[in-house]
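Thanks for making the time this morning. I would like to walk through one model with you, beginning with a count and then turning to how the parts meet.

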Number of protein chains: 4
Amino acid sequence: MSDSQSVDGIRAKLREIIFEAETPAGKAFDLVLLWFVLLSVGVAMLETVEAIDAKFHHQLEGIEWFFTIAFTIEYVLRLWLSKRPWKYATSFYGIVDMMSCIPAYLVFFIAGGESAFAVVRVLRLMRMFRILKMVHYVHGAEVIWHGLARSKEKIAVFFFAILLIATIAGTLMFYVESGVEGSRFTSIPMSIYYAIVSISTVGYGDMVAQTDLGRFITTILILTGYAVIAVPTGIVTSELIKGQETDKTTDACPSCGVHGHLADATYCRRCGAKL
Amino acid sequence: MSDSQSVDGIRAKLREIIFEAETPAGKAFDLVLLWFVLLSVGVAMLETVEAIDAKFHHQLEGIEWFFTIAFTIEYVLRLWLSKRPWKYATSFYGIVDMMSCIPAYLVFFIAGGESAFAVVRVLRLMRMFRILKMVHYVHGAEVIWHGLARSKEKIAVFFFAILLIATIAGTLMFYVESGVEGSRFTSIPMSIYYAIVSISTVGYGDMVAQTDLGRFITTILILTGYAVIAVPTGIVTSELIKGQETDKTTDACPSCGVHGHLADATYCRRCGAKL
Amino acid sequence: MSDSQSVDGIRAKLREIIFEAETPAGKAFDLVLLWFVLLSVGVAMLETVEAIDAKFHHQLEGIEWFFTIAFTIEYVLRLWLSKRPWKYATSFYGIVDMMSCIPAYLVFFIAGGESAFAVVRVLRLMRMFRILKMVHYVHGAEVIWHGLARSKEKIAVFFFAILLIATIAGTLMFYVESGVEGSRFTSIPMSIYYAIVSISTVGYGDMVAQTDLGRFITTILILTGYAVIAVPTGIVTSELIKGQETDKTTDACPSCGVHGHLADATYCRRCGAKL
Amino acid sequence: MSDSQSVDGIRAKLREIIFEAETPAGKAFDLVLLWFVLLSVGVAMLETVEAIDAKFHHQLEGIEWFFTIAFTIEYVLRLWLSKRPWKYATSFYGIVDMMSCIPAYLVFFIAGGESAFAVVRVLRLMRMFRILKMVHYVHGAEVIWHGLARSKEKIAVFFFAILLIATIAGTLMFYVESGVEGSRFTSIPMSIYYAIVSISTVGYGDMVAQTDLGRFITTILILTGYAVIAVPTGIVTSELIKGQETDKTTDACPSCGVHGHLADATYCRRCGAKL
């Protein structure tokens, strides 16, 4: 057995582990990766909490380097094992994989080990996107995604309507409220922000109407939003139900022509003929 | 070829560009117009942001005049090309088109170029309504609109219910809270504003209950609102699903012309003729 | 024609006007009454706005007395015209009608004309309930009402679940937050108020978590509420859709037994037999 | 009649009262227990309200001991009557029953009667969980529960999506807002808390964007949340409707036993036998 054959064997084995999701080894690898991603994102978050960073700065740095090296190894392996390395490297996930490990080294050599650079921290959080790769394992994600995709156009119309209402209401609020002392309605964009915060029922309360007319407009705006919020729900719900129905019903009966049989039907429910 | 014929040719050509939406020229014109409207609304908004206006006042003024002149030319062309100019001029969109360009000249000649007048700025924002003309291009807008239109009566009942609950709760809150020092429940209309802000789950927090009884009433109010918010959603959703079902049902009866048969119908439900 | 006969004629005529809603006179009476109720409620509200009351106190008082006398005349007429006056007087609407006019006189004679008594003002606002009598005119109110009535039990379960979650979360928040300086989580009922304000997505912001653990519990609570708010909507929507289906479909075909014909079907859509 | 026989008779009688829910005695016992649980939870809550505790401390303590003794008797009886006492004692409800009465005695003997221990108070509130045992009486709870259970996977996907969006938006907000003076965006976890409070439309207002860019990101976040909130509603609604449809379909096939035929089925969809 030649050397190159043994390398090929290792490559095939590794390829199975890293790229396949059905084999036990592949599943285990994906699970470990998922936990690595979650933990490294958690560590990157904790580093921004001052009280924790002051106490455990070195430990967090150490863990962070452990994950960075692990992801680097994984990235290099993927490049090596991939049949078309260039295609992988320039794909969305290839770039995410690269950006979530390589920049740390640049900072290390340039800034001398202190990964205080905000940019590196943001790049590290890009690791989250790697979880998206694993979403297709979860049964049910597809149903939701299709429901949203089918509702795409209607949701766009809905957003346009919201923005139009918010712009009109924001403009009105600006002219009504901007004259009041200490008013926070200092410009139309600020007032549109208020209108969107109101119509979506978030209502932070950092900006509030201070005149009676402003309060009246706000009330109208809220009630409009109340009717409008029903629309995206209705759209998505009706799309999901439509999706279900397509799941459930199959072709017409060849003998009597009745539609709408259950998905597992073998015989027509009307005439008893074989489907 | 007479002069009048050549003018007629130009009119026909322009009419195709301005009024028709199907031809390439018409589509391009509509797209340019859409961007002009969006940009001019954006500029009108930016003018109200003090920091930007201080720096770029003259540039914004210049852009604004560019759009005003463009919309004026378009308005004059529409008047000239229209077969019934008077009908166009007095229609909703005709008035919107006029109000969004003409007043700027009045202010210019009267106030000497400073378009500081609030009224002119509001009129300029009326240009937004011109976007409504283009909504019918968007597939899906109709479905939503029909859904809402069919739910009209039920939504009115729902609003009436909300207002009734808010009035009762507001009145109660006024008598419970108005005696507390520093209370903002100074009148029943103010308290109704609070009730609507609460029941719609906006909750700005500018007015809050300060007594135990007030908090108890607020809790009841919120929970009622929680059940009530389900209603408009249910209404719109069931209307959208109904709309879909009507969609699914097939052609008219060849014998009596009745529409809206169920998908599996073989015989007309009105006259019994074979479909 | 005897005197008693003429009185009977007047009674019959008045009865038609006051009790019947189908005749032109009855409709006009109901419309006038609706506006009287709305205006008198509006006046009672405006009286609580100090700035308005200071200026127009006497005018508002005058209008108020006009409505009080009008409602008194209507109440006396209803008593006189009713076939069973006692049953009317002790019915819900009878008591509402009485309470919204009689107490004003008591205050007038006891307190000497100054209707400053809060109790009288509340009673005056009871006139709002008279609008409920007219709701049955509005097509669509019934559909909503039936939808809610059919969902009654499920909505009760839902409220119980919300209260259970709010109680558990409130108790936890109390033990986590009550030790912090200046904390507003001073008791478990206060903390339950916070939990309900949070889970319903109202979020006034008068009480907020000040510890990291408190914020974590709040996040869990909000996400739970997010899933839970879907439930009443789902319940009401599915009931409304069920209601629609019942509306739409009638009996089975006598000849072939197919169900689910449209409400206006005369012939079976499957076999063409007369229904 | 021997002594042991008479004890057996008492045991059988008590078992009927305590374990069975169908007999009149069993129903009465359950109702008394429900009220005992609700009242004792209410008392435990009132004890945390300072104003009430200062006035009625001894009365509340007395009532509390009454309930503690009652629940102790019930717990001992359940242990004695149960056919497998150990299984009951180690079951979820067995532990709840025990924890809600036994610890009070420990505190009494150790701390000398002052049940000021926070831990005991929390344990007392565990009595609430006993209500869960009685939920199955309520018709409708099952429908909701099944709807939620069937949506389990999709709701998990939805929560994952919310957390992903909140993490991304929180990270962005942290880098945008953390530099502003007095900013409360002090760490990424804090910013994620803000993102979740915003996307869920709670909006306490304790943290608000102070920069224009921050407000812009918040607006995008809110509008995303607006589209996303439609998803769990759509999921639950479509599951509830599916549940209803399954409800509507009739009996099992007499020949092969398959359930869940459509309402208008005449022949079994599996074996073709006449229903």
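Predicted model: local features only at pLDDT ≥ 70, side-chain atom pairs only at ≥ 80, totals over all residues.

How many salt bridges does a search of the whole structure find over all chains? The search finds 16 of them, a salt bridge being a side-chain nitrogen of Lys or Arg within 4 Å of a carboxyl oxygen of Asp or Glu. Residues are numbered from 1 along each chain as its sequence is written, chains are lettered from A and ligands numbered from 1 in the order in which they are written, and side-chain values use heavy atoms, with hydrogens and water left out.

One of these salt bridges joins A:R215 to A:D212, with the closest N and O atoms 3.3 Å apart. The two residues are separated by about one helical turn because they lie three residues apart in helix 12 of chain A; helices here are DSSP runs of H or I with at least four residues, numbered from the N terminus.

Now to the interface, where 44 residues of chain A are in contact with 48 residues of chain B, contact meaning heavy atoms within 4.5 Å. The two chains bury about 3,900 Å² between them, 75% of it on carbon and sulfur atoms, where buried area is the accessible area (1.4 Å probe) lost on putting two parts together, summed over both. Across this interface the rule finds zero salt bridges. On the side of chain A that touches chain B, the elements giving two or more residues are helix 10 (152-177), helix 11 (188-199), helix 12 (212-228) and helix 13 (230-248), and the largest share, eleven residues, comes from helix 13 of chain A.

Within chain B, the axes of helix 2 (residues 24-46) and helix 3 (residues 50-81) come within 9 Å and cross at roughly 145 degrees, the axes being lines fitted to C-alpha atoms over the stretch in contact, with angles running from 0 to 180 degrees between N-to-C directions. Among the residues that meet there are B:F29, B:L33 and B:F36 from helix 2 of chain B, and B:F66, B:F67 and B:F71 from helix 3 of chain B.

Last, A:M126 is found in the loop between helix 7 (118-125) and helix 8 (129-132) of chain A. Leaving aside neighbours within four places in sequence, A:M126 is in contact with A:V96 and A:M99.
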